[in-house]
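Here are my notes on the model you sent. Please read them with the structure open beside you.

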Amino acid sequence: MSRSAIDALHAIDAKRSAVVADLKNQLLLQLKSTAADLNAIGGHVRIINTSRMGQLTDKPCKICGFATAPAHDGRKHVRYQKLGAFATFTAAELKDMGFKRIK
Ligand SMILES: [Zn+2]
């Protein structure tokens, strides 16, 4: 592929990203306005950005304190709940589940 074709593709990608970002901003403004109108007449509307909800990070788990690869969080422990408390994982259990302890 020629350099000019690659440059043209990058330009198209950049333009597309700009159009999508602009459209998202316009729609978000409309949504906020609509939510405000609904709340003004007694509605209970709140806008939540879910784009990062449920994403795992490489921070240590709050239950067992281990950072693993792939990452896990407290939700993983729910399945292994023992006697009403969240169970921590042993090294063997982590290995069986396909996790490698990194911290
Ligand atoms: Zn954990």
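1. In the protein chain, where is confidence lowest, and where is it highest? This is a predicted model, and that is the place to begin. Confidence is lowest in helix α3, residues 91–96, with a mean of 81. It is highest in α1, at 96. Over the protein chain the average pLDDT is 86. A score of at least 70 is reached by 95% of the residues. Keep one caution in mind: where pLDDT is low, predicted coordinates should not be read in detail.

2. Next, the parts list. The protein chain has three helices and two strands. Starting at the N terminus, the order is α-β-α-α-β. The chain is also divided into two domains: domain 1 covers 1–47 and domain 2 covers 53–103. Their C-alpha centres lie 36 Å apart.

3. Now the overall form. The radius of gyration of the protein chain is 23 Å. A compact globule of 103 residues would have one near 13 Å. Along the principal axes, the C-alpha trace spans about 60 × 50 × 20 Å. Of the 103 residues, 6% count as buried. Now take the contacts between residues at least 6 apart in sequence: 38% of them join residues at least 24 apart.

4. Look at helix α1. It runs over residues 3–40. It has 38 residues and reaches 55 Å from its first C-alpha to its last. That is close to the 56 Å expected at 1.5 Å a residue. Is α1 in the open or buried? The number of its 38 residues that are buried is zero, so α1 lies largely in the open. Just after α1, G42 takes a positive phi of about 100°.

5. I12 gives a close-up of that helix. I12 is found in α1. It counts as exposed because it has 10 C-beta neighbours inside 10 Å, and the cut-off for exposed is 12 or fewer. From I12 to N49 is 37 residues in sequence. In space, these two are 27 Å apart, C-alpha to C-alpha.

6. Move on to A67. This residue sits in the loop between α1 and β1, and β1 is residues 68–69. Why does A67 count as partly exposed? It has 17 C-beta neighbours inside 10 Å, and a residue needs 20 or more to be buried. Leaving out residues up to four places away in sequence, A67 touches D58, K59, P60, I102 and K103. R16 is another matter: A67 and R16 are 51 residues apart in sequence and 37 Å apart in space, C-alpha to C-alpha.

7. Check the peptide bond from A69 to P70. It is cis, with omega near -5°. P70 belongs to the loop between β1 and α2, and α2 is residues 74–78.

8. Finish with G98. Which loop holds G98? It is the loop between α3 and β2, with β2 at residues 100–101. G98 counts as exposed because it has 10 C-beta neighbours inside 10 Å. G98 and P70 are 28 residues apart along the chain. Their C-alpha atoms are separated by 7.9 Å.

Definitions and conventions. Residues numbered from 1 in each chain as written. Predicted model: local features only at pLDDT ≥ 70, side-chain atom pairs only at ≥ 80, totals over all residues. Domains from an automatic or database assignment. Helix = DSSP H or I, 4+ residues; strand = E, 2+ residues; numbered from the N terminus. Contact = placed C-beta atoms within 7 Å. pLDDT = per-residue confidence, 0-100. Rg over C-alpha atoms; globule rule 2.2 N^0.38 Å. Expected span 1.5 Å × (residues − 1).
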